[in-house]
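Subject: Structure for you to look at

Hello,

Here is the structure I promised to pass on. Please open it first, then read my notes below.

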Amino acid sequence: MAIRITIGSKSSETSCPPATQDLKLNTKNRDAAIQAEHIQYGPLNLDDQDYWTRAAEHWKAEPEVAKKSKCGNCIAFDVSPRMLECLPGPVSEPIEDEEGKLGYCWMHHFKCHSARSCSVSYTHLTLPTKA
């Protein structure tokens, strides 16, 4: 699948990230992010207090503060209409549950959930706005 982007009179095609089209690659990247000491993507169960305690120690904060550093707040988390078109199957519609929604992590290259977190979350960054 390719997405056509038109800017002014020029047009180009942008491919979907490979992990959005290849379940095996997506799973490999996600599992690597879970296991990597410097990433620690998780938790599998959002009520896992041990995960949030470890995250709090990493960020030198309290667990309740660490719980606010989520993928959904990270600049690398993409739920744009363009990305939703790349997510195959029923996820091409915004997939949401009571905790959040599915998107794509450009930093670690896998489909991730907005309610989860990692040790390299860039929640403090914002994209510059056009003046």
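What percentage of the 131 residues of the chain count as buried? The value is 37%. Buried means under 20% relative accessible area, exposed means over 50%, and partly exposed lies in between (1.4 Å probe, protein chains only).

Some ground rules. This is a predicted model, where local features need pLDDT of at least 70 and side-chain atom pairs count only at pLDDT 80 or more, while totals for chains, interfaces and linings use all residues. Residues are numbered from 1 along each chain as its sequence is written, and side-chain values use heavy atoms, with hydrogens and water left out.

**Overall layout**

The chain has five helices and five strands. Both are DSSP runs, numbered from the N terminus: helices are H or I with at least four residues, strands are E with at least two. Along the sequence the pattern reads β-β-α-α-α-α-β-α-β-β. Residues 24 or more positions apart account for 58% of them. The accessible surface is about 8,500 Å². Carbon and sulfur atoms hold 55% of that surface. The areas come from the Shrake-Rupley method with a 1.4 Å probe; for residues, only the protein chains shown count as cover.

**The cysteines**

A disulfide is a covalent bond between the sulfur atoms of two cysteines. The rule used here asks for a pair of cysteine sulfur atoms within 2.5 Å. The count comes to one disulfide. It joins Cys-16 to Cys-86, with 2.2 Å from S to S. Cys-16 sits in the loop between strand E2 (10–15) and helix H1 (18–21), and Cys-86 in helix H5 (residues 81–86), so the bond ties together parts that are 70 residues apart in sequence. The torsion about the S-S bond of Cys-16 and Cys-86 is about -80°, so this disulfide is left-handed. Cys-16 is buried at 8% relative accessibility, and Cys-86 is buried at 1%.

Cys-105 is in no disulfide; its nearest cysteine sulfur, in Cys-112, is 4.9 Å away. Cys-74 is buried at 12%, and Cys-105 at 8%.

**The aromatic pairs**

The whole structure holds three aromatic pairs. Rings of Phe, Tyr and Trp (its six-membered ring) pair if their centres lie within 6.5 Å; planes under 30 degrees apart are stacked, over 60 edge-to-face, and the rest tilted. One of the pairs is Tyr-41 with Phe-110. Their ring centres are 4.7 Å apart and their planes stand at 75°, so the pair is edge-to-face. Tyr-41 lies in the loop between helix H2 (23–35) and helix H3 (49–59). Phe-110 lies in strand E5 (residues 110–113). Tyr-41 is buried at 9%, and Phe-110 at 1%. Tyr-51 and Trp-52 also pair edge-to-face, at 5.0 Å and 90°. Both are buried.

**Strands E4 and E5**

E4 (residues 102–105) and E5 pair in the antiparallel sense over four bridges. Two strands pair if DSSP finds at least two bridges between them. Gly-103 stands opposite Cys-112. Four residues lie between the strands of this hairpin, and His-109 takes a positive phi near 65°. In a regular strand the side chains alternate between the two faces of the sheet. In E5, Phe-110 and Cys-112 point one way, and Lys-111 and His-113 the other. All four are buried.

Best wishes

How values were computed. Contact means heavy atoms within 4.5 Å.
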